[in-house]
Amino acid sequence: MHPVINVTNLSKHFKDLIAVDSLSFTVNEGDVYGFLGQNGAGKSTTIRMLLSLVKPTQGKIEMFGMDLFTHQKEILKQTGAIIEKSDVYKYLTAFENIQLFSKVSGAGKLSKSQLLDQLAIVGLQDRAFSKVKTFSQGMKQRLGIAIALTHDPKLILLDEPTNGLDPQGIADVRNLILQLSKEHNKTVLVSSHLLSEIQLIANRFLIINKGKKLVEGNASQLFDPAETLVELETLDNENAMIKLQQSVWSSKLQARREKTIVLKMNKTEIPAFHQSIVHMEIPVMSFRPKHSLEDYFLQLTTINDDVATIAN
Amino acid sequence: MKKSIIIIAACVLYQLTASAQDANALIKRVKAKLDKVNDYVAEGSMKTDVVFIKAPAGKIKVYYKRPDKFKIKRDRGISILPKGGISFNNSSLLSTSNFTAILAGESIIDGTKVKLVKMLPGDENSDVVLTTLFIDEANLLIRKTNTTTRENGTFEMEMKYGKYAEFGLPDKVIFAFNTKNYKIPKGVTMEFDTDEPAKTMKNKKGKVEINYSSYTINKGVANSEFN
Amino acid sequence: MWQLLQIELFKIFKRPRTYISFGAVAALVGIIQLGLKLDGNMYIEFMLRDLSASFNIEGNILNGYLVCYIILQLLLVHVPLLITLIAADLISGEANMGTLRLLLTKPISRTEIILAKFFAAGVYTFMLLIFMAVLALFLSMAIFGTDDMLNLKSGYVVQLKSTDVFWRYVCAFCFAALAMLTVASLGFFLSIFADNSIGPIVATMSIIVVFTILSTLDIPIFNAIKPFLFTTQMIGWKGFFDVKVNDDNQAIIGSIQNPDRVLKAAGILVFYIVGLLVASIVVFKKKDILS
C-alpha cells in the first residue's frame with residue numbers, strides 16, 4: 001500500500017500557542033482515516049497545513065510522494081476538501097458555484113450536464129438553479145461535497161463534515177464517505193468530534209490532544225482486547241483505591257477520577273477482576289468495561305493527566 | 001522784424017480763436033470720410049494678451065452698421081472682450097455730435113505727423129470722461145485714441161492702416177486697457193497645489209490685438225447680427 | 001489566469017453591492033446636471049464675477065465640457081469611497097463568507113489569486129469610470145452642447161478651443177483611472193488583513209479622508225509631505241486642462257502647461273499601485289488562512 005499522506009514531525013506555532021506539536025502520521029491509499037481530537041486539539045490546523053492554507057512552523061508533508069511545498073499545485077489537483085462548514089457564494093446559485101469552482105479545480109472544462117450530474121450525486125439536482133442563500137445547512141454541506149468532488153480527486157480531506165447537520169444529514173454524509181471509499185476507491189481523511197460516526201466508517205485512526213499524537217492505528221489495534229478499560233464507581237473510591245493498590249490488580253490501575261477508578265486489562269481477565277472486587281468487599285456502584293472508540297478516546301485524552309496523579 | 005512779429009502774433013491769435021473751429025472741422029472731415037462706409041463685415045484674427053487669461057488666438061468676424069452698431073464675433077467659440085467694446089471702432093466714437101473738441105497740439109506716431117484733438121462729451125452722465133484723438137490730417141485717419149472712462153478705466157487704441165485706408169478702416173487695431181484683479185479661492189476651484197507663487201495682478205495692462213484680413217464694405221448687414 | 005479573472009469579474013458583477021456604485025455615480029451626475037441646467041447661470045456668474053468686471057464674455061459658457069469638468073471636480077473626490085466598497089471587500093469578504101479557504105484549496109497559486117482579484121478590481125474601476133465618462137461627458141455634451149471650455153482656475157482663466165478639449169478628457173479619464181486604481185490597491189491591500197469587510201472599508205476610507213484633508217490644508221508643516229500623498233496627486237488630471245502660452249501670451253493649442261508635473265503625479269500613483277500590489281502578494285503568500 002502506498003502512503004498518500006506522509007507527515008513527519010509537523011509543528012505549528014501561533015505566537016505562544018503550540019497548535020500542532022511534532023506530529024507524524026501516514027495515510028495509505030484506500031484508507032478512511034479517522035482524525036480524532038477534542039476541540040482545539042489541532043485537527044483543523046493540521047488539515048489546513050495539508051491543504052497549504054497554513055504554513056507549518058516545521059516538519060515535512062509529503063502527499064502522493066511529492067513534497068507539498070514544492071508541488072502544491074499537482075497535489076491540490078488530486079485533492080478535494082471541505083473545511084468545517086462548507087461555505088460557498090451565497091449570492092450565486094448551486095450550479096454557478098459548482099461551475100465556478102470546477103473551473104479552478106483543474107478538472108478541465110465540464111459540460112453543464114456533467115456538473116448537473118455532480119449535483120445529482122448529492123441530491124441537489126432540483127435546486128441547481130436556486131441561490132445558495134435559500135439553502136439549509138445540510139444542503140450547503142452537500143453542495144460543498146459536490147464541489148470537492150468535481151475534479152474527481154484521489155484524496156478527500158473532510159474537516160468536521162457533519163458539523164451542524166441533522167441526524168439524516170449526518171447519515172447521508174456517512175454513507176457518502178463509505179460509498180466514495182468502497183465504490184470509487186478514494187482515500188478519505190475525515191476529522192470529527194462525533195467519534196461514534198468515525199467509528200462506523202474509519203478503518204484507521206489518529207488521536208491527537210493538545211497538538212500531540214496520542215495514538216495511531218487501525219481499529220483492531222486500538223480495540224485490542226488486552227487493552228480493555230474498566231471503569232469502576234464505588235461508594236468510597238478512596239478506600240477502594242487503597243485496596244486495589246494493595247491487590248494483584250495494582251498494575252492495571254490507569255486513573256483515578258472524581259467519581260471513578262479506571263483500570264486496563266485483557267478482556268478475559270474481567271470475570272476474575274469482578275470476583276476479586278466482590279471478594280475485597282469494595283462497595284461497587286457500577287462496573288463498566290469500555291469498548292467503544294468514544295470511551296477509549298475520552299479515556300486517552302484525559303488519562304495523561306491522571307497517570308501523573310496516580311504516580312503521586 | 002516788426003512784420004514778422006505781427007505775423008506770429010496774428011498766427012497765435014488765429015490759432016487760439018480758431019482752435020475749436022479747426023478741431024470741429026477736422027473731425028467733420030474725418031467723419032465725412034468714415035461715413036462713406038455704411039456697413040461692413042470684416043474678417044480677421046484676434047489675440048488676447050491679459051496676464052490672467054490664457055486664450056488661443058482666434059479668427060473673428062466683425063460687423064458694423066452706421067451709426068453705432070458694432071459687434072465682434074469669434075468664429076466658433078467663446079469670446080472674451082474687454083468691456084467698452086465701443087472703442088474698437090472709430091465711427092461709433094464720432095457718431096454723436098454732442099461733444100466739445102479742442103485742438104491740443106501735434107505729435108508724431110510712426111513717423112507720421114498727427115494732430116491731437118481732445119473731445120469732451122457734452123452729456124454729463126457719459127461714461128467717457130475724455131477722449132484724445134491722434135489724427136493724421138493729411139490722410140484723415142485716426143492713428144490712435146486715448147479714452148478715459150468713469151467705470152472702465154483708461155484705454156488706448158492704436159490703428160495701423162493699409163489696403164482699406166481710403167475708407168478709414170484699419171488693418172490692425174491694438175487695444176490696451178486696464179484690468180481688475182482676478183482671483184477665485186482655491187477651496188472653490190479645488191486646487192491643492194501650493195507651489196505656484198500667488199501673482200499680484202492688480203491693474204495690469206491688458207491688450208487685445210485685431211488683425212483684419214478683409215473687409216466687405218457696403219454690402220448690407222442684417223440687424224440680427226448685432227443681437 | 002484569464003479564467004481566474006473571468007471568475008473574479010463574474011463574482012463582482014453578480015453582487016448587488018457592485019451596482020450601488022454605478023447607481024450612486026448616475027444619481028450624483030444627474031443631480032449636478034439637473035442643478036446646472038436649472039440654475040447654472042448663477043454658478044457661472046459667481047465663477048466669472050472677477051472676469052466679468054473687466055470683460056464681456058459671450059458664448060455657450062456652460063457647455064458640456066465645462067459641466068463635465070465641474071462634475072469630475074466634485075465627484076472624483078468621492079468616487080474613491082465607492083471603489084473602496086468593492087476593493088476592500090475582495091479578500092476580506094471572501095474570508096468572511098468562508099469561501100477564501102475553499103478557493104485556496106484549489107490548485108491555484110496565491111499570487112495568481114491576488115493578481116486575478118487585483119485586475120478584477122481594476123476592470124471594475126475602469127468600468128465605473130467609463131460609465132461616469134459616458135454620463136458626465138457625453139450626456140453633458142448632449143444636454144448642454146459644446147463650445148470652448150473656460151477652465152476657471154484660482155489664479156487665471158484658460159480658454160480651450162472646443163476642438164482641443166476631447167483628447168484632454170480622454171487623458172484625464174486615464175489619469176483618473178490611475179488615481180482610482182491607487183485607491184483600489186490600498187483597499188485591496190488592507191482587505192488581506194481582515195476577516196470581515198467592514199474593517200478594511202472603514203480603514204481605507206479613513207486614510208483617504210485624512211490624506212485628502214492633509215492635501216487640502218495649506219499649512220506649511222504639511223506641505224513637505226503633500227507631494228507624497230496619493231490624494232494630492234489624484235487631482236493631477238486637472239493638469240490636462242491647462243495650456244502653455246507663447247511669447248505673445250497666446251495659448252498654444254494642443255499643449256499642456258506642466259507635462260512634467262502630470263507625469264510625476266502619474267509616476268507617484270504608479271509607484272503606490274505597484275508597491276501596494278507587491279506588498280499584497282508578499283503578505284498574502286505568507287498569510288495563514290484561519291477564516
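**Chains first**

Start by colouring by chain: chain A and chain B share no contact (two residues whose C-beta atoms, placed from the backbone, lie within 7 Å), and their closest C-alpha atoms are 40 Å apart. This is a predicted model, where local features need pLDDT of at least 70 and side-chain atom pairs count only at pLDDT 80 or more, while totals for chains, interfaces and linings use all residues. For your selections, residues are numbered from 1 along each chain as its sequence is written, and chains are lettered from A and ligands numbered from 1 in the order in which they are written.

Of the 2 pairs of chains that touch, B and C have the most contacts.

**Where A meets C**

Next, show chains A and C: 22 residues of chain A contact 20 residues of chain C. On the chain A side, α2 (72–77), β6 (79–83) and α3 (94–104) each give at least two residues; helices (H or I, at least four residues) and strands (E, at least two) are DSSP runs, numbered from the N terminus.

Now pick out the open, antiparallel sheet of 4 strands in chain A, ordered β2-β1-β4-β5; strands pair if DSSP finds at least two bridges between them. β2 (17–28) and β5 (66–67) of chain A are at the edges with a single partner strand each, so one side of each has no neighbour in the sheet. Zoom in on β1 (residues 3–14) of chain A, joined to antiparallel β2(A) by 8 bridges. Last stop: A:N6, whose bridge partner in β2(A) is A:T26.
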